[in-house]
Amino acid sequence: MQELTTVELRPEAGAGSSGVSLPVVATPSARTQSATPWRHRLPAAARQSLRACRSMLGEEADHGRLLLFSPVFLGAGASFWFLAESDFPLLTLLLSLSVLTIAVLITDRSRAVLRATLLALALVVCGMLCAQFESWRASTVILDSSVTTTLTGRVERREGDGRGRWRYILAVRATDEPELKRPPGRVTAIVRGADTPFEIGDIITGRARLTPPSGPALPELNDFSFGAYFDGIGANGFFYGAPAKDLEAGPQGARSTSEAMLEWLYRLRSSIGDRIRSILPGDTGAFAAALVTDERRAISNATTEALRQSGLAHIVAISGLNMALSAGIFFVGFRMLLSLFPGVAQAYPTKKIAAAGALIAVTAYYLISGFGVSAERAFIMMAIMLIAVFFDRPSISLRNVVLSALVIIAISPSEVLGPSFQMSFAATLALVSGYQLWKDRRVRENALLKLPIFRPVVAVAGFFGGVLLTSLIGGFSTALFSIEHFHRLTAYGLPANLATMPIISFIVMPAGLLAMLLMPFGLDAPLWEVVGFGLDLVIAVAKTVSGWGGDIGVGRLPAWYFAVAVAGFLLLTLLRTRLRHAGTSTLAVSTLFLLVLPVPRPPDLVISEDGSLVALVAVAAMASNRENPPDFIFDQWQRALVLPTHHPPKMLEGPAIPPEGEDRRVRLSHDQQIEARTAMRAAAGGETNRFSCVKKAWCTSRLGNGRVVTVIDNAAYLGPACDASDIVVTSVRLRFNSCRSGATLFTGETLRRTGSVELRFADAGLEVATAFESLSRPWIRHRAYDWRSNSFAETGPSSVSDSGE
């Protein structure tokens, strides 16, 4: 680009003529180019797009959409704190928040971008502080290792499973034989064989087996000790036989007024559940009780799995659907009742009165629901929406969703990482955003549809169309989180929801609400029969749809994909202008990259965190060292690795050495060692990628690459196993972690500190992936505790001995 410059030519001194100005074409200097703003040097199309983006950003800011991202940054800060390898210094966080707050206050309002950036950083730091304070507030003592002890505790809560077993939450009073140096404050314990269930407040004692909450079944899977820490549960276990009730102690009163109120609510909850199950037996009664009290363990495994595979498991949990239906039914019914009295309708704001009644109803629902995570979140959201009616504000709006998210993150930031929080808010955000788009659409009125003859058809079509659209939006919005947390998708959830939502909306919830209102008068039985009829239909639909198959295993996804896809989803749902399509593009491009990029290599060998379960990963199946592997761990392995087929071990004849009943710590004689070593090598020479086992002694297998892995149940076989194998695994907690032969050794002690392990054989050697890299976080620090010295060892996991290769 050239610049036209005017140059004036003047004659020499003494000349009679005046100067003449001539136009001269000159090239601009580099200094002139650098002074031109960068956006002016862009092509015309790019400048136009930039102006459009600035205009849309201004529109988003004018509508307050930037405020909607506040819980995103607050939750991001909490997530960052929880996922870090160690705690952050409190002083550093407080100082950072102070500096950012001052910077926000002194920044000129005209510099909107800088001000918004500083505010976002301040929210991130606030989220980290909330996470820090919640961790300190919990301060749960988690049992360090499995132990059998005499447990004495006070019953705080109870729940039956429909098979004669009861699950109790006990406040630990004492432990004996051995007395634990670091006992947990609260434990969950299963009781079998008791003639009658214990009452809340009873003191019970018995011999119990307690274990710490389990960690991730595989690296990068869900850590159950994280949730147990923030729930205040320090151990899980069961009683050997029925425990005894301390008759001299009797029911013990609560230590404070709040605890007394909680116990009263738990007793009321248990009595309501018992009342429902006495009227409706079997899965129907358990299903109905779950809808009211959130006691879901009484539902049989077959029905639970059918509900899960058909995409109807969300009905069982007390969540947004249940709260919305109960509040909506009460609100509409109460307002219709008030409208029957013209004097009341004209003199008083019936809408606000009905909203107040609905708020009382959902509060009562929440109080008897057991204070579950999903119920708490749904209650806060519904309460905010109903309170908005008092101030003549719209109930269904993204602002109310964001406000409820802020409250929940501030109170319980640990819920941000849980599937319940993520899936419920994802569905709510998508539904409310879809509702706003539907409300703002341009509608062409059709006079034909307004005719009286077509009104019923339009109403029915509108209802089922709404259910269809709601199911589609809810299903697509939660699919990402279902894959991330459960590694599965339900193919036929849409038809199942279309078939059951009318039943839930028009039969189950209205009859259940009336039954709860009539229960104090003993007139609820007929209405529970109506509820049972509707739930029988729901169970029939679930079993029919689950019979079609459609349970799609997806497996683990790369960590980057989940983060990028969530960012795209938030842009799509929180923005109102065409900028939201940036979220659509982000989702589409990230999914395309996921499909195009090479699939991560699966592990060759997986080991549970206690060393009792080991599996060889082949092309289409897993082969384990157990004929009946524990479902809790093995199901997670199969879903994460998408390997539904299981090859059990081949059992060999021959007694264990030493024979059962002798001291398991005895050393083998020289001849016994030779015999065991020979048997192991012979078994390893058989079928590859399948274990051959001697019961209660050892299992061994040769992998496809020629490596031999041996799992021993008895430490007496450690020497022969090290001589005959490349990898040795034992659940026994040995004080050393190396084989004399140089084979790689995993013991109960090393696995306690590393968690579950994945092994991959590469050209460079053995690649070991562990669940934990550090043990400095509060919910896993118990793994570094040594009961002998009553102290915590170094926070890093013990090293794994490797042959070097």
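I count two residues as in contact when they have heavy atoms within 4.5 Å. The model is a predicted one.

Entry one: alanine 620. I located alanine 620 in the loop between strand S12 (614–617) and strand S13 (621–624). Leaving aside residues up to four places away in sequence, I found that alanine 620 touches Leu643 and Thr645. I also checked valine 642, 22 residues apart from alanine 620 along the chain, and the two C-alpha atoms are separated by 8.5 Å.

Entry two: strand S19 (residues 727–730). I looked at both faces of S19 and found them covered, with Ile727 and Val729 buried on one side and Val728 and Thr730 buried on the other. Strand S18 (residues 708–712) runs parallel to S19 and is joined to it by 4 bridges, and isoleucine 712 stands opposite threonine 730. S19 also pairs with strand S20 (residues 744–746), in the parallel sense, over 3 bridges. There, I noted phenylalanine 746 of S20 as the bridge partner of valine 729. With helix H24 (residues 718–724), S18 and S19 make a right-handed β-α-β unit.

Entry three: the second largest pocket. I recorded about 860 Å³ of space in this pocket and 20 lining residues, with Leu66, Ala112, Val113, Ala116 and Thr117 nearest its centre. Which helix gives the most to the lining? I found that H5 does, with 8 residues; helix H2 (44–62) and helix H3 (70–83) each supply at least two. By class, I listed 14 nonpolar, 3 polar and 3 charged residues in the lining.

Methods
Residues numbered from 1 in each chain as written. Predicted model: local features only at pLDDT ≥ 70, side-chain atom pairs only at ≥ 80, totals over all residues. Heavy atoms only, no water. 1 Å grid on protein atoms, 1.4 Å probe; cavity = no way out; pocket = protein on both sides within 12 Å on 5 of 7 lines; lining within 4 Å. Points joined across faces, edges and corners; volume = space filled by probe spheres on them. Nonpolar A, V, L, I, M, F, W, Y, C, P; charged D, E, K, R; others polar. Buried < 20%, exposed > 50% of the residue type's maximum accessible area, 1.4 Å probe, protein only. Pairing = 2+ DSSP bridges. Right-handed = clockwise from strand over helix to strand, strands pointing away.
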